[in-house]
Amino acid sequence: MGPLAGFRVIELAGIGPGPFCGMMLSDMGAEVIRVDRPGPGRRSYRSTHPPTEKSPGPPYASAVGEAPPAEGSRPRDVLTRNRRSIVIDLKTPEGVDIVLRLCESADALFEGFRPGVTERLGLGPNECMARNERLVYGRMTGWGQDGPLALAAGHDINYIGLAGVLHAIGEKGGSPVPPLNLIGDFGGGGMLLAFGLVCGILEASRSGKGQVIDAAMVDGSAALMAAFFSMGKHFTDRRGTNLLDGGAHFYGTYETRDGKHVSVGAIEPQFYSLLVEKADVDPDRFAKQMDAGGWEGLKEELGAIFKTRTRDEWCEIMEGTDVCFAPVLSIFEAPEHPHNRDRATFVDVDGVVQPAPAPRFSRTDAEISHGPRMPGEDTLAVLRDAGFSDGELEALQRKHVVSAA
């Protein structure tokens, strides 16, 4: 049982950071009930609401645009693992009332729509917390619940652009490079919301009062840059010329003879000395480690050295030493590395290789109890657990308020 076992969370299904937050919480043992939209048409709430509303996206959508699974197959979206799915039409008064009834026994609810959407649905913080004053209500947006941009559309790349993150990433003389959608959607978004919800639940256990968590990706992305705001003159706005952005010859990636890459992070003097030794370069030529004026030339020389051997050959020389070295592995290679295999960093669930729950606990082990559910697979079971009678469920199904897979 994970450390959050016994806590119940309602997830109003969305895409990207919302499902990631749900995965983080459910991996840690929380009972997360995912409220999916009706199918097969997967109607968008956009159809009956003002254009400032953000549709939560198709039930199978993943952050990398995964297509819906073939008929009869299981969903493969790792972000939706480990929790039960119910399908409710939130455009009906009965559907809204179902969610409000679920709130009565929940510790938290979170949503990822634009500001004002859940209020128009009748599921805003006031309505939900009126049913349960201890409820923690999490809100995941890009720009936040207020501010000049609050109602504008956006994606990860826009939020990290505004937060000062994107400008810092890229090669010297080149354009900023999007770091996938790891920073805005996941690190500064879903993980920030999960942290906020757990903080809110802990506080509610003392005060008996819930509260609203405003988790904005632009805020979370800015928080991830805290260390760089403190570096002063040691971090400039000239990308690709700084200590940690690839400007330094001892902190970056190098191509090897076979067209693959290795990573080096030999910042400390003792680690740098070992890099010089293992790379077999002239120690006098490489003596002035922190002279930024010489970095570019030394980087070219070290690059030529790394191209003389394959990635595996460099692993034999440097891996496991204090050079601060690792091969650059693809997502297909990473699960097979001996270190990752030994620690079970990746697991296979229903034929899908995926990251294992993290972090690890010495006593309350986190686990993946099951893979993604079909939308509505657990509708009847969840609602029966919540006290709905068979007669109520039959009536709700006849009116297409709820659906069961």
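This is a predicted model: local features need pLDDT of at least 70, side-chain atom pairs count only at pLDDT 80 or more; totals for chains, interfaces and linings use all residues.
Me: How should I read a nonpolar core, and which residues touch the most other members of the largest one?

Reply: The idea is a set of buried nonpolar residues joined through side-chain atoms within 4.5 Å. Here the largest such core has 38 residues, and C21, L25, F110, V136, L193 and L197 touch the most other members. Several elements each supply at least two of its residues, including α1 (17-27), β4 (108-111) and β5 (136-141). The largest share, 7 residues, comes from α6. Apart from this core lies another, of 30 residues, with L109, L123, V382 and L383 among them.

Me: What does V136 touch, leaving out residues up to four places away in sequence?

Reply: Its partners include D107, A108 and L109, then L197, G200, I201 and A204, and also I213. For the protein overall, take contacts between residues at least 6 apart in sequence: 67% of these join residues at least 24 apart.

Me: Now a hairpin, please. In which sense do β10 and β11 pair, and over how many bridges?

Reply: In a regular strand, side chains alternate between the two faces of the sheet. In this case, β10 (residues 346-349) and β11 (residues 352-355) pair in the antiparallel sense over 4 bridges. D348 has V353 in β11 as its bridge partner. The hairpin leaves 2 residues between the strands, and D350 in the turn has a positive phi of about 55°.

Note on methods:
Residues are numbered from 1 along each chain as its sequence is written. Side-chain values use heavy atoms; hydrogens and water are left out. Two strands pair if DSSP finds at least two bridges between them. Buried means under 20% relative accessible area, exposed over 50%, partly exposed in between (1.4 Å probe, protein chains only). Contact means heavy atoms within 4.5 Å.
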